[in-house]
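Thanks for making time for this one.

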Amino acid sequence: QDWEQRQEEDTLLIERILLLVRNVLHIPPDPTEEQGVDGDASVHDRVLWALHISGMDDLLKFLASAQAEQQWALHVLEIISLMFRDQSPEELAALGQGQAAAEHGEDTRELETLRQRELAERRARALQRTSRHSRFGGSYVLQGLKAIGDRDVVFHKGLHNVSA
């Protein structure tokens, strides 16, 4: 609903939901409680994943960017800062570049293997060809078939296969 059409109860409900999300994300991690396998998602990460699956992150992006919803800006800002609570800026920056660099490295390796394969095929084709030039140019005189002026027809063809 637009802000003009909202009742007081709707506004209170939105604020309570935003405060609930903020309070859930504000819970500090308990290392003794979270004894999982290395690389396992923490409770905080699982909560963030649940917010993503439910579409709450899209709703937060809308509230942060909509001009008519500026009254929720501080709540949304606080929620976003709590989402990135355990992350350092260096880790976040490296995460985006690391994936792109890994994909770039994989593409480079794939292109290099294709290039090596093409060069090997080119060398194999070069070895199949004889290195010596054929002196037989492939000019033939067709006897019994006359050209203009009572001369035999001369046919020029490159010789690629002796049996042909």
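This is a predicted model: local features need pLDDT of at least 70, side-chain atom pairs count only at pLDDT 80 or more; totals for chains, interfaces and linings use all residues.

Start with the salt bridge between Glu 78 and Arg 22, where the closest N and O atoms are 3.4 Å apart.

How exposed are the two partners? Glu 78 has a relative accessible area of 31%, so it counts as partly exposed. Arg 22 is at 21% relative accessibility and is also classed as partly exposed. The cut-off for buried is under 20%, so at 21% Arg 22 does not count as buried.

In general, side chains of opposite charge can pair when their charged atoms come close.

One is Lys 61 with Asp 58, whose closest N and O atoms are 3.3 Å apart. Both residues lie in helix H3, which covers residues 56-65, and they are 3 residues apart, about one turn of the helix. Lys 61 is exposed, with a relative accessible area of 52%, while Asp 58 is partly exposed at 46%.

Another is Arg 122 with Glu 118, with 2.9 Å between the closest N and O atoms. These two are in helix H5, residues 89-128, and because they are 4 residues apart, about one helical turn separates them. Arg 122 has a relative accessible area of 43%, which makes it partly exposed. Glu 118 is partly exposed as well, at 43% relative accessibility.

Back to helix H4, which spans residues 73-83 and also holds His 75. Is His 75 buried or exposed? It is buried, with a relative accessible area of 17%. Leaving out neighbours within four places in sequence, His 75 is in contact with Glu 15, Leu 18 and Leu 19.

Now helix H1 and its packing against H2. H2 runs over residues 43-54; the axes of H1 and H2 come within 10 Å and cross at roughly 155°. Angles over 145 degrees count as roughly antiparallel, and that is therefore how H1 and H2 lie relative to each other. Which residues meet there? From H1 they are Val 21, Val 24 and Leu 25; from H2 they are His 44, Val 47, Leu 48 and Leu 51.

Together with Leu 20 and Ile 27, Val 24 makes a nonpolar surface patch of about 280 Å². Leu 20 belongs to H1, which covers residues 8-26. With 54% relative accessibility, Leu 20 counts as exposed.

Last, the chain as a whole. It has 5 helices and 2 strands, and the pattern along the sequence is α-α-α-α-α-β-β. How much of the chain is buried? Of its 164 residues, 13% are buried. The accessible surface comes to about 14,000 Å², and carbon and sulfur atoms account for 56% of that area. Among contacts with a separation of 6 or more, 46% are between residues 24 or more positions apart.

Definitions and conventions
Residues are numbered from 1 along each chain as its sequence is written. Side-chain values use heavy atoms; hydrogens and water are left out. Patches are made of residues with over 30% relative accessible area and no salt bridge: like charges are joined within 9 Å, nonpolar side chains (Val, Leu, Ile, Met, Phe, Trp, Tyr) within 5 Å. Accessible areas come from the Shrake-Rupley method with a 1.4 Å probe; for residues, only the protein chains shown count as cover. A salt bridge is a side-chain nitrogen of Lys or Arg within 4 Å of a carboxyl oxygen of Asp or Glu. Buried means under 20% relative accessible area, exposed over 50%, partly exposed in between (1.4 Å probe, protein chains only). Axes are lines fitted to C-alpha atoms, for helices over the stretch in contact, and angles run from 0 to 180 degrees between N-to-C directions. Angles under 35 degrees count as roughly parallel, over 145 as roughly antiparallel, 65 to 115 as roughly perpendicular and the rest as oblique. Contact means heavy atoms within 4.5 Å.
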